[in-house]
Each structure stands twice: as C-alpha cells, then as structure tokens.
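Here is a short briefing to read alongside the sequence and the model. Keep both open as you go through the points.

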Amino acid sequence: MLPRALVLVGLLLGTAVAPLVSQTPAPAKGPSHPAAGVRSQWAGLVTKGRAKDLETALKRRGGEVADVLLSGLTDPAAAAEATSLLPALPEVERAGCAKLLERLGGGNDADRAATLAALTAAFNLERLCESPKQGPKKMADDAAALAAKAREITDPYVRARAALGRGLAVDEGGPGATELREALTAFRGAGDRYRVVLAAFLLAGALPYEDRAESETLRGEAATLMATLGAAADKGLTGVAAARCDLRMGLSAHTAGDDDGALVALTRARKVFAALGDAERESRALVPLAESLLERGAADAALEMLKPAAGRLAKATRADDIVPVARLVADALRRTGKGAAAVDILKPLVPRMKQIQAPPVDEALLLLAYGTALAQVNQTELAAVVLDTAGKLADGAGRPALARAARIERALQLTSLSRNDDAKKAFDEAAKVDLGKELGRIAAAGARLSWAEFLVDAKDMTAALPLLGESLNTADELALPADRLPGRGALYPSGGALPLATRFTRALATYAPKGAWKDLEPIFLAVERRVFDALADLAFEETAPAELALRTRRSDAGMNRLRRAVAGLIPLPTEEEVAEILRERAALKEEAWKIAPGFALRRLPRTTPVIKAKDAVCGPTGAVFAAVASADGAFVMAFSRDGWSYTPIEKANNPVDVAKKFAKVARDPKSTPDQVLDASSLFTRTFMDPVAKIWENKKWLAVYLDPVMNEVPFAAALPGDAKSAPFAKMDWLCKRIAVGRLATANLAPYKGIAVGRPTWLSDPRGVAVGGGDPKILLPFAKAFDEALSAEKTTSDRGKILDVAAWTDGLGTGSAGFGRGGALVFGADVPPQALDLPRGAAPDVVALTAPADEKTILGLMARGAKGVLARVEDPDTKVLDAMTARALFAMTRQGRNPVEAVAEAQRALLSGELKIDGAPAPDSAKHPAVWSALRALVTEP
C-alpha cells in the first residue's frame, strides 16, 4: 500500500491544489508552463506508486518540487508523513525540501495558515507572470498584496518566494538587490534550482550598471543552470525572467551610455517579448535599440524596428509611451529623406501633450523633433516658432542643454530666412547657457559643426571649412568620428540622408582657399578623415586585451553620456564627472595606439594636424599629394614643408573615369605606348598639373591612399605634353621624382623638422622569412649582407630562416625582428606578424608575392616604417630583381623606401638592372610590370 502522504499528495494534486490553480488564469499559448496538465501527470504517477517515474518527471520540471510538496500540506500530520516522498525527489532538492517540511510541520495554526497563504499567493503570482495578457496593474496589485501577507513571516524560504513573485510581477518598485540576494541564498539552501534561476536573473537585472561584471556573471550562471532544467525551461517563466533581466540590464547600460552592452541585452529581450506578445516591454526594449542604430547611421534599420511601436502612437496616452518613440521615428524618417512623413506623425501628437498634461521636458523634446522635421520640408517660419517654444519649455523644466539645442536649431532656421540679427541673438542666447567649462567647450565644437553643415548646404565653403576644421580637431582630441561629436545639431536642411563626409566632399569642389596654412587645415583634416576611415575598413582585425577592451567600453559609455547630456536628453553630469571621462579618454587613446593599433583604428580614431604632417612626414625633401575622386566631387591637394596648393576639379571633366581609364590601360600589358600616353597625359593634366609646383624641387612624393586613386600607378604618369616613344624612353614621373604611397599621416611619429639622415636605416640587419627553401631568399638577403651564402645562412648582420624557425622565435628574442632596421622578406607573412605589439614590427617588410591590403596596412599599423609590396606579379623575376635592388638602395645607400623603389624602376628602364645576368627584356619595361612594385610608408 502506498504511504498515506503519497496518497494524500496524489489526491491534493487533483483536489486541494485546485484553490491554488483556480486563481491562476489559463496558461497563455506559446512559451508558458502548462501547470495544470503537469500536475495531473504527477497525480497519476503518485497514485500508481511510480516513484521512479515521478523522480524523472520532477527532474525535468526542476524547481517545481517545492510546489508539489506544499500542495499536500493542510495540517502538521500531513507535513510529517510527506517526508516519505523525499526519496523520489532529485538529490539536489532533497535536503532543502526536508528542512521545509520540518519547519512547516510544527508551529501554531495561525503561523501555518499565514505561511501557506503567502506561498499560495506567490505561486499564483508566478503563474500570472507567465501570461503577458495580464495587465501590469493587476500584477502590481497582487504583488502588493503578496508583500503584505509575507511581511510578518520570518521563514527565509517563504520570504524569498514573496520577493521572487514581486520581482517577476513588477519592473519598477520591486525588490531591490539586497532582498533578491537574500532570496537567491534561500533558494540555494532549499535546493530549489528552478527558483535559483529565476532569482539569479532578477538579481542580475536589479544590480546597478557599476556592478555590470557581477550582473553578467549571474546571468551566465542562471542561463547555464536553466539548461539543466530541461528543454521546456527556457520557454516558461525562466525565459520570461531572462528577458526581464536582459531588459533591465539593457536599459541600465543604455542610461550609462554603454550602447554595446545595451545592444546585446536588449536584442535578446526584444525577441522574447515579441514572441510573448508583450507589446509594452517590447517597446521599452525597442527605443534604446533604435536610438543606438540611428547614432550608428543605420536609419533604415531603426525605422523598420520602430514600426510596431509607431503603430501604437495613435492610442498611447502617456508621455513615456509617446515622446521617445515619436522622436526617434521622426529622426529616422528625416535621415532617410522623408521629412514630410515625420511632420505627419508629429503634428497630431503636439496638442495631445497638453491634453495628457505631459511634463514640460517631454513636450520640449517632442517640439524639438517637430521643429527639425518642419525645417526639412522648408516650413521654416513655423519651425522657428516651434523651436522657440521648445526652448522656453526646456528653460522652465530646468534643462539648460535642451534649451540650448533648441535655440541653436532655431538660429539656423532664422539664418535661412535671412533674419541674421534674430539668428545672432538666438546664437548668443545659446552661448550663454552654462554647461560647465569642459562640456561647454565640447558643445561649442558640436555647434560649430552644425553651423558648418548648414553653410555647406548653402554652398558657402569659405565660411564653413574653418568651422569644420575646429570641429574635427575637437573630435580628434576626443577620439570620436566627427558625426558623433557631442552637441552636433539635428538639422539636415537639404542634405537629407547624405553622410557628413559625403556632403563635405561634394562641397569642397567649390572651395577657394586664401593661402594661409590655417586655410589648408580643414581640407587636410577632411582628407585625413577620409583616408583614415578607408584604412580602418581595410586594416587587420584585432582584439584588444580584455582590460583595454573593458576600459574602452566604459569610455565609450562616458562619451555617450556627454553627447546625450549636451543634446538635453539626460541631466547634465558634474564638472568633475566630465573631466574624469575626458582624462580617461585621452589616456586610453594613447595606450590603445601603442598596444592595439588595429583596435584603436576602429574604436579610438585620431587624425593629424597639418603642422605635424608637413614637418614629420614631408621633412625638407618630400611632399604629400592627395587626389579625391568620387561621384560626390573631386579635388587635388599637395603640400610640402614650404607651401601648399589646392584645386577643385569640375565634374564635367569626369574625374573618376579619367582615373579609372589610366589605371586600366597602364596595368594592361597589351596596351601600346600611344594608348598609355593618351590616358596618362589626360590624367596628369586633370589631377597633377594643378598642384605640381609643390614638388618641383623635392626628392620624393607620397600619395595619399584613396579608394579610386589606389588603383592608379602614379609612378607611370606622363607629362601632359609628352611625346610618343618606346616605353623605356618615356618621360615617366618616377624619372623626375620618387613616388610612393602614404597610408595616413597619423601613423608617422612626430620628431619635429627632419634635417635628413646619413642613412634611412641606422643599423640595417635582416631576418629572411620564406615558405620553403631558405636558399630561395638568398638574393634578397645578400642585398644587405654580402657575407651570407647558400652554405652560411647566418652572419653578424643577417639571418635566413624558414617560416617555422622564425615563428618559433617570436617573442623570445632568438628570432623575430628586433628594432634598428630589421628586414623581413617572404612570399607570405605569417599571422604572427600581425599579433605583435606596436613597435615590434620590422622597419621594412618586402613581400615577394602580391599581398592583400589588410596585411600591408596591418604591418604599417603595427609600426613598420615601410612596405615594399606588389600590386600584381606579371613577371616574378623582374620584380624580384627590382626588390633586391630597392633593398640594396635602402641598406647600402640610405634611401627611404619611396626613393629605393624609384631607383630600382630607373635601373630597369635604363638597362642597368640585370635579370639572370642580362639586361631586362623590352617587355619588362611596360608600366604594367615595373609599376607593380610600390613603396608604402608611414615614415618617409
């Protein structure tokens, strides 16, 4: 016969449990616990005496064990005899449940009734939380009632159940971290794995952002334990708890400015709430996600994400449900050129803010969005009025930054109406707003950028570019892309969805600088930023050390706080907080560029002032040339230590086609001298002649990398008045001046004005690296050390190692590079070459086979001063001979890589360069062959 307790439990599972379940709504379809069905199955297993099957079933359900036991406890005797059920329980729960039965078996009837009432309410509330169809008000009321029932109960498990129920039921005003931590301890002591998971999730979400490391650890532990509860666990209340955790963690991260952390957590939360049909919480997750997408320039994705929330705006009655969604939807529409649609959405919401008595700050935010939308559709008069009202409301709400932002936007509109006096007054009012010393400086830079954008769209580049230069300098100081500069305005008067860089490139075609170095600064910074962005896209991927990555994430969060504070979206931080954020940012940037440059390229960008570039890069013997050709505009710029020149290029000249045609013809070994001459002469007249005076008396010219111009063989450019001749006789540019490539001036160390060196490498030593027989590398090694031979692959000045030997020595000092002019040759660069700290790379890398740009730029970002690279390999023997000649010029004659490659090109064309002991054949003198070897430098 079955023990009395088992029979009693079996009966109660079908009868006495009814009061517990009857108050619980029917489980929602989809991811929720089928509570009643599961209990019916348990009842059958108990009445049939199948203890082992019951044990298996309980293991699958995890922490439901306590509910099974509590279902049968109506008097002390039942509690005592229910201990016979314990052997059927999973071992991990057995001890905790035994203690619970022992506690409930004694005591007076009043305590017992109160305890069971609290547990019953907690059970009902947990089940209620599984159904998103229940309104938040009912759950909040039930949670309050549960708190009242549990208030006088001292049993830690019962109090833990009450705290858990309240935490699941309400997002705001639920138990704090201390209470949830106590609950987690109680559940662990009771062996209630199911509620350990729930409590851990809730605690992870309740901890402040400063304790994020602990939050993520708790969440990871809970997720791991949840997997042990069975396949159904993550589809039930545990899944809901995980989503609540993610929502709270994501919102906490967003408030702190940690967009990366918020993106991960909120994406997970949104997915669960969307599946549950919990529209309210889905919207709470959507808003920060969409804001992050907008700030990253993904307006279309943000708009698509906001569609469900936008559809609910018409029925929303709370400012919290209206303003964040409406503001972001309008911003996304404007950024995609749909200002009229933004106006249509916002217009009916403006009067509703009065009807629902929205706080002034919310009304100001909505009006600011409405005013910027009106501006884009040229309702300028109305926009100015609306923005004025927004500023006054922000004043009344005590939000100076928001008032300042509204007045700056209004000033721009007044300017477009030619009401310059009123515009100046609005700007002056905005400038008087006290945001603190540092934040005010940053906000002023953002305001200048807004004004510069406005002037660009008005085609007034003379006034716009100085403002751009000041703004970019501040962005560089903060290690931020310019379009994420705190304080930047929201208006897009005519630019629509065009990125900032595109709009400035387009406008530069109309710029007429005056001649002072300060007039070149904004052009140079714009070019540097364009080149820098291309370098970041092409350079190698790199993961920063964990501590550096964590600090960067925190620094980014701090910068986001500043940006949102300046925009008036959050209260202003203190002056001390701002100063600390900026100090950490500056230190972080310097550290990241030293130890993880690939990471810094993407996360902590920087540019170089032209004063540094002209001294550190050009020196007394060099010049820099930049040609930008795109569908948005074209211009050329050149500068040396002594002066500079800039010229826009008319679109009618089809500059992109001119550049592409020359690149195609020059790289085609079947093209004739006349074909090369025609294409090259036109290219020279279009791009080079306007600024050629800058390098007339220089020894070398470094060309900035550019997506279009990177394909052009500048060394093979011919004068505009050149005459047809055999290839060897042509007046190639490389015969007049050495031509190389400059990745970006910011990689060059600043050493003041260079006065020349006796040798480019003060102590040339070599490490030769090859994929096969080291003897293959002997000709390259002998270029810097004649003592090397096939029999003796090591000398005082050089070594020839295969890849395995070189790799084994990395980091040990036995091989590797060393500084002071170490050289590496090889058909392939091992991956370890891109894992070295900055400064450990070789001074020069010579590649004997074509390499991708990621490898080349990765080596340069690692600290290589120069790279000898092959665009193609049309004739390996010819290019090998040229490479060896260039290495000789660097190590024996003290030439820099640009000059060394030009020396090899000239030697080939003159017949001096020998191939297998004989002069190079005429076919090797086609530019497709000799221009395939290029020098890229960071420190010419």
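Threonine 389 is partly exposed, with a relative accessible area of 36% (buried means under 20%, exposed over 50%, and partly exposed in between, using a 1.4 Å probe and protein chains only). You will find threonine 389 in helix H22, residues 380-396; helices (H or I, at least four residues) and strands (E, at least two) are DSSP runs, numbered from the N terminus.

**Reading the model**

- This is a predicted model, in which local features need pLDDT of at least 70 and side-chain atom pairs count only at pLDDT 80 or more, while totals for chains, interfaces and linings use all residues.
- Residues are numbered from 1 along each chain as its sequence is written, and side-chain values use heavy atoms, with hydrogens and water left out.

**Confidence**

- The protein chain has a mean pLDDT of 78, and 79% of its residues reach 70 or more; pLDDT is the predictor's confidence in each residue, from 0 to 100.
- Residues 1-39 have pLDDT below 50, and this stretch has 71 contacts in the model beyond near neighbours in sequence (contact means heavy atoms within 4.5 Å).
- Residues 811-820 also have pLDDT below 50, with 30 contacts beyond near neighbours in sequence.

**A buried serine**

- Is serine 640 buried or exposed? Serine 640 is buried, as its relative accessible area is 2%.
- Serine 640 belongs to strand S2, which covers residues 633-640.
- Leaving aside neighbours within four places in sequence, serine 640 is in contact with Trp517, Lys614, Cys618, Gly622, Ala623, Ile694 and Lys698.

**Positive phi outside glycine**

- Serine 418 has a phi near 65°, a positive value in a residue other than glycine.
- The loop between helix H23 (400-416) and helix H24 (420-432) holds serine 418, and this serine counts as exposed at 60% relative accessibility.
- Aspartate 916 is not a glycine either, yet has a positive phi of about 55°.
- Aspartate 916 sits in the loop between strand S11 (914-915) and strand S12 (918-919), and counts as exposed because its relative accessibility is 64%.

**Helix H15 with helix H16**

- Helix H15 (residues 259-276) and helix H16 (residues 279-295) pack at about 140°, with axes 9 Å apart; axes are lines fitted to C-alpha atoms, for helices over the stretch in contact, and angles run from 0 to 180 degrees between N-to-C directions.
- H15 and H16 are therefore oblique to each other (angles under 35 degrees count as roughly parallel, over 145 as roughly antiparallel, 65 to 115 as roughly perpendicular and the rest as oblique).
- Residues of H15 in this contact include Leu263, Leu266 and Phe273, and those of H16 include Ala285, Leu286 and Leu289.
- By class, the contact of H15 with H16 has nine nonpolar, two polar and five charged residues; Ala, Val, Leu, Ile, Met, Phe, Trp, Tyr, Cys and Pro count as nonpolar, Asp, Glu, Lys and Arg as charged, and the others, Gly among them, as polar.

**Helix H14 with helix H29**

- The axes of helix H14 (residues 237-256) and helix H29 (residues 546-566) come within 7 Å, crossing at roughly 70°, and the two helices are therefore roughly perpendicular to each other.
- His254, Thr255 and Ala256 of H14 meet Ala557, Gly558, Arg561 and Arg564 of H29.
- This contact of H14 with H29 has two nonpolar, three polar and two charged residues.
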